[in-house]
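My entries follow in the order in which I went through them.

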Amino acid sequence: MRKIRGFIGQLFLLCFCNIIALWELINVGTALKITAIIALSLYFILFLAIAGGKQDSDRKLNRIAKGTFLTGSANVLLCLETAAMIAIAVFGGLSVWRNIANDIFAMFFCAVIGFFGVIRIAVSARQVKFYWYIILLFTWYIPIVNIVVLSKIRRVARNEFRFEQAKQDLDNMRKENEICKTRYPILMVHGIFFRDWQLFNYWGRIPKELVRNGAEIYYGNQQSANTVEASATELKERILEVIKETGAEKVNIIAHSKGGLDSRYAISRLGMDKYVASLTTINTPHYGCKFVDNILSKVSDGLFDFVDRKYNKLFTVMGDTAPSFRKGVRELTFASCEKFNAETPNAEGVYYHAVMSQMNSAKSAGFPLNIGYMLNKSHGSGNDGLVTMESGLWGENPLKIEHKGKRGISHGDMIDLFRENIEGFDVREFFVDIVKDLKEKGF
């Protein structure tokens, strides 16, 4: 029945799009024609307004669903309209100018339906790459090509809708279990060149997913770039703040990239082992970053100083009090980390767990990680575009993420930087499992 209603609706839209031709082709009274035009126009407006109905309680997902419905309708209508244009031109017996006017009118309103659908998708869907919208902008008037591009956008958006809806259903089913409600709160510590901004969460969609499943989340709030010692001192103050605010005895730290080194320093050398139950490092360069060594060996002091000044000025405006690009970068060299490891052993009584991923090709990520991947290829068994596999696997029982396929998982993918649903690796569920494991271990 639903398919029949959809087919009838498409016929009404087809009639509306071909009003100019039908005015001449249908032999009925003028009053009836005007009535039909008004009715079809109202149907068209109503169709745009309530397209697809309400398919989900979540507003964003509902917009995606409506967007995919409209783009799908536009594609079907484009196919029907192409056939109708040929039939009218061959058998209609209309003048050339009336045929042209009808074709322009029809294609315009087909485009309107597609436009409304694409706008809904663009403001709500995260998985459709921006370049597809650019391609559509330059090809929407080209027959067949416009159908192919619209179909691609619709397919990606529809997959996102289904994926997110399934994740919502999963969260709803296990909500009462609070599988991420750990004994101690979670402190998430960012890496270098970022801050914990409210408008752009460093950890992407991960924190919300953890909170949905019972986790209590806090952020490190250290500056974007500085020495490990300086960042660790800021972390020490933050740990004590969280302890005071929550009344908890300790915290569980999940740290990415250089944040793992900052956390290790705070735990082992600033007395925070008394207040930290566990440290999970994500793609942290424990043994240094060959990518950084390669860059520093090729960059002149003048250029390095220039970048340092510009970076520090920018991030001072963005909230840092005393950032240092130069000091932060130099802390990631092989020699610096070798010295750091000798002076910073793991603290007794703290549970350490290291996680490391790798890219499978330079196409797995954009600049600069694609360049880093190529530069690091000769330095280990694999890398994430910045850190080699050997550098990230620290301590006992580290976890190496094996991602089958050509893509692999980059340094940015591990913090959901681009909010991308990667086939074969659900980063949000991965972190749920990490925190669930901490809970099961009594942390």
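I counted salt bridges first, taking one as a side-chain nitrogen of Lys or Arg within 4 Å of a carboxyl oxygen of Asp or Glu. By this rule the count is 22. I note that this is a predicted model, in which local features need pLDDT of at least 70, side-chain atom pairs count only at pLDDT 80 or more, and totals for chains, interfaces and linings use all residues. Residues are numbered from 1 along each chain as its sequence is written, and side-chain values use heavy atoms, with hydrogens and water left out.

I looked up K167 and found it in a salt bridge with E429, with 3.1 Å between the closest N and O atoms. K167 lies in helix 7 (residues 145-174) and E429 in helix 17 (residues 427-440), so the pair ties together parts that are 262 residues apart in sequence. K167 and E429 are both buried, where buried means under 20% relative accessible area, exposed over 50% and partly exposed in between, with a 1.4 Å probe and protein chains only. I also found K167 and E429 in a network of salt bridges that includes D171, R174, E209, R212 and D426.

Next I checked D416 and R205, whose side chains form a salt bridge at 2.8 Å, N to O. This pair links distant parts of the chain, 211 residues apart. D416 is in the loop between strand 6 (399-400) and helix 17, while R205 is in the loop between strand 1 (186-189) and helix 8 (206-212). I noted both D416 and R205 as buried.

For a local pair I took D262 and K258, which meet in a salt bridge at 2.9 Å, N to O. Both lie in helix 10 (residues 258-269), four residues apart, about one turn of the helix. D262 and K258 are buried as well.

I then turned to the whole chain, which has 17 helices and six strands. Its radius of gyration is 28 Å, well over the 22 Å that the globule rule gives for 443 residues, so the chain is more spread out than a compact globule. That radius is taken over C-alpha atoms, and the rule is 2.2 Å times the number of residues to the power 0.38. The C-alpha atoms fill a box of roughly 95 × 55 × 40 Å along the principal axes. I recorded 49% of the 443 residues as buried.

I looked at V156 in helix 7, which is buried at a relative accessible area of 19%. Leaving out residues up to four places away in sequence, V156 touches Q127 and V128, a contact being heavy atoms within 4.5 Å.

Last came the backbone. Most residues other than glycine have a negative phi, and most peptide bonds are trans. I found a cis peptide bond between F367 and P368, with omega about 0 degrees. P368 sits in the loop between strand 5 (351-356) and helix 15 (369-376). N221 has a positive phi, near 65 degrees, and is partly exposed at 37% relative accessibility. N283 also has a positive phi, of about 50 degrees, but is buried at 0%. I placed N283 in the loop between strand 4 (276-282) and helix 11 (290-298).

Conventions. Helix = DSSP H or I, 4+ residues; strand = E, 2+ residues; numbered from the N terminus.
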